[in-house]
Amino acid sequence: MTGQITNATDAYESTANLSVLLRDDEGRIAAGYTGSAYRIKAQRTKDFLVTLHSAPDHAKVEVYAQPA
């Protein structure tokens, strides 16, 4: 899975931990994955990649980021 993360602060972020949840049609969690985005400059956007091994069919993807 690819995406973009934006550092909306005025500070350099060396790492952002990413949590990816896949939900089924009923909204139940079907799978979860983790990844990271690195070296995100202040007020900049950066691409990220999270590998989804054997990802099940799903209806919705949610991505959460937390500075490390």
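Biologist: Is Arg28 buried or exposed?

Modeller: Relative accessible area decides this: buried means under 20%, exposed over 50%, and partly exposed in between, with a 1.4 Å probe and protein chains only. Arg28 has a relative accessible area of 51% and is therefore exposed. This is a predicted model, in which local features need pLDDT of at least 70 and side-chain atom pairs count only at pLDDT 80 or more, while totals for chains, interfaces and linings use all residues. Residues are numbered from 1 along each chain as its sequence is written, and side-chain values use heavy atoms, with hydrogens and water left out.

Biologist: With which residue does Arg28 form a salt bridge?

Modeller: A salt bridge requires a side-chain nitrogen of Lys or Arg within 4 Å of a carboxyl oxygen of Asp or Glu. The partner of Arg28 is Asp24, and their closest N and O atoms are 3.0 Å apart. Asp24 counts as buried, because its relative accessibility is 19%.

Biologist: How many salt bridges does this rule give?

Modeller: The count comes to 4 salt bridges. One of them joins the side chains of Arg23 and Glu62, at 2.7 Å from N to O. Arg23 belongs to strand S2 and Glu62 to strand S5, so this pair ties together parts that are 39 residues apart in sequence. Strands here are DSSP runs (E, at least two residues), numbered from the N terminus. Strand S5 covers residues 60-67.

Biologist: Is Glu62 buried or exposed, and which residues does Glu62 contact?

Modeller: Glu62 is buried, because its relative accessible area is 11%. Contact means heavy atoms within 4.5 Å. Setting aside neighbours within four places in sequence, Glu62 is in contact with Ser19, Val20, Leu21 and Arg23. A further salt bridge, at 3.7 Å from N to O, links the side chains of Lys60 and Glu62. Lys60 counts as partly exposed, because its relative accessibility is 48%.

Biologist: Which residues make up the largest nonpolar core?

Modeller: In soluble globular proteins, nonpolar side chains tend to be buried together. A nonpolar core is a set of buried Ala, Val, Leu, Ile, Met, Phe, Trp, Tyr and Cys residues joined through side-chain atoms within 4.5 Å. Here the largest one has 11 residues: Ile5, Ala16, Leu18, Val20, Leu22, Ala31, Tyr33, Ala37, Ile40, Phe48 and Val50. Strand S2 (13-23) and strand S3 (29-40) are the elements that give two or more residues to this core.

Biologist: What does Ala37 contact, leaving aside its neighbours within four places in sequence?

Modeller: Ala37 is in contact with Ile5, Ser14, Thr15, Ala16, Leu18 and Phe48.

Biologist: Where does phi take a positive value in a residue other than glycine?

Modeller: Gln43 is one such case, with phi near 60°. Gln43 lies in the loop between S3 and strand S4 (45-49), and counts as partly exposed because its relative accessibility is 49%. Arg39 is not a glycine either, yet has a positive phi of about 50°. Arg39 lies in strand S3. With a relative accessible area of 54%, Arg39 is exposed.

Note on methods. Helix = DSSP H or I, 4+ residues; strand = E, 2+ residues; numbered from the N terminus.
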